[in-house]
Amino acid sequence: MRRSLFTLGATIALIAGACSGGATPVPSTGGGTSAVPGGSSAGSAAPSTATSAGASAAAGGSAAASLDTSITGSAKLSGWQSSDAENKALQDTIKAFEAVDPNIKVDYSVVAGDYATVMATNFGSKNVPDLFYVDAAFGQTWADQGFLQPLDDYISKSGLDTSTFFPGYLAPFKGSDGKIYGLPKDGNTIGMAYNTADVPTPPKTLDELVTTAQGLKGKSGLKAPLCLSPGLDRGLAFIYAQGGGIVSDDGTKNMVDSAQTKAGVQWYLDLFKNGVGMTPSDMGDDWCGTSLGKGHAAMIFEGGWLDPAMSSTYPDIKYQWATMPTGSSGSPVTISYTASYSIGADSANKDQAWVLMQYLVGKDGMTKWTEGGVALPSRSDVPTPKGKDVLVSQAQYAKPGSGFMKNYSDVQKAFGDAFTAEVQHKTYSADAVIAATKAAVDKALQS
């Protein structure tokens, strides 16, 4: 049932604070993941259809052979914009679509202001674009509130093969009913970027990470070997590496008070306690990319949005990417961020929107889009952009960094507030962090 306008204000309050970090991340008021300048989410503008029967080729074949060009009209496309480079890449991709299918005219516009708040207001007035971005942080929320069009019938009729999407990128756009409400337009994984002058050989395990960091303590120019976030936007990757988690894989069981999660949180706190890790703000920086660029930190944990920021602002810093170090779980793991293309339940031109979406998330369209250098593919059959091999390779085993449970922004806030307090008070105990986070998860699961 469509959520009533009476509760729309609560919806706006919830999603306006949600933060994540897709390849083309949503501008945010900053409600949980302090990762980049301006209090935006990780990777924000950091200097950063009914188709023909043969449409199964959409997953890997020629776009021209798979789109139903008998559908005519226009499609309004909207999203956020994090940079001029992103805008150019999208405009180039739209032109490529219109060359393949001249029967649909794309009307693209950028949503100005706080994206989540503006879109929530549009949902209330039933004035929504035909196709638009949905960040993973609020994908399930919007789906469950009836704002998004389920895509299962379109996918079934077109024969689109969703198995080519990396699972961690597709999962956040499934509603509680199991239906698909968006297809990932791109994604990013969190990897380790390191200054090669400080770290000739990157650590492969968390034990090696600590050893390497301890060896760099006190080195001239370094404020700390590691730049770290006090939130789950990065900490969750280390919790997973220790075998812990926030909820069970089916999203029904609270995992915060497990021994593995507590060990992971304590390990993360100990990095601050032992002086090998600091937040970017404590280094006097706006985000960890600045800390790496200024030589304040030797190792940071970011996504592909780091590269354009470094090349434009700190071109003389030599750094490389490495996979996230493996923890006591013994298995490689990291977290991923993504955003989808989705159609609104009240969109006026749904069939036209599906044709456009099918191209944009298909092999040809996504190849064109990621060639622009601002995004990584969410599909396994799209060529890896230059220099992104490590980050793309992690998509095979990455877990969603947001969007895997309802009201996750509340959980993020509870964790971040408690973790930050432990660091500021120099108490460094996981107990308070676990208690606050567990309470938030329990409340979220009961909602």
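## Overall composition

Of the 447 residues in the protein, 58% are buried. The structure described here is a predicted model. Its secondary structure consists of 17 helices and 11 strands. The protein exposes about 16,400 Å² of surface, of which 51% is supplied by carbon and sulfur atoms.

## Confidence of the prediction

The average pLDDT of the protein is 87, and 85% of the residues reach a score of at least 70.

## Helix H14 and its cover

Helix H14 spans residues 363–370, and its buried residues are Gly 365, Met 366, Thr 367, Trp 369 and Thr 370. The elements that cover these buried residues include helix H3 (84–100), strand S4 (183–189) and helix H13 (350–360).

## The largest pocket

By residue class, the lining comprises 14 nonpolar, 13 polar and 5 charged residues.

Several secondary-structure elements take part in this lining. Helix H7 (167–170), strand S11 (399–400) and helix H17 (430–446) each contribute at least two residues to it.

## Ser 336 in strand S10

Ser 336 belongs to strand S10, which covers residues 335–342. Because its relative accessibility is 3%, Ser 336 counts as buried. Leaving aside residues up to four places away in sequence, Ser 336 touches Gly 168 and Tyr 169, Asn 188 and Thr 189, and the run Ala 398, Lys 399, Pro 400, Gly 401 and Ser 402.

## Two residues with positive phi

Lys 126 has a phi near 55°, a positive value in a residue other than glycine. This lysine is placed in the loop between helix H4 (115–125) and strand S3 (131–135). With a relative accessibility of 55%, Lys 126 lies over the 50% cut-off and therefore counts as exposed.

Tyr 428 also has a positive phi near 55°, and it too is a residue other than glycine. Its position is in the loop between helix H16 (408–425) and H17. Tyr 428 has a relative accessible area of 13%, which is under the 20% cut-off, so this tyrosine is buried.

Key: Residues numbered from 1 in each chain as written. Predicted model: local features only at pLDDT ≥ 70, side-chain atom pairs only at ≥ 80, totals over all residues. Heavy atoms only, no water. pLDDT = per-residue confidence, 0-100. Helix = DSSP H or I, 4+ residues; strand = E, 2+ residues; numbered from the N terminus. Buried < 20%, exposed > 50% of the residue type's maximum accessible area, 1.4 Å probe, protein only. Areas by Shrake-Rupley, 256 points an atom, 1.4 Å probe, with all protein chains shown as cover. Contact = heavy atoms within 4.5 Å. Nonpolar A, V, L, I, M, F, W, Y, C, P; charged D, E, K, R; others polar.
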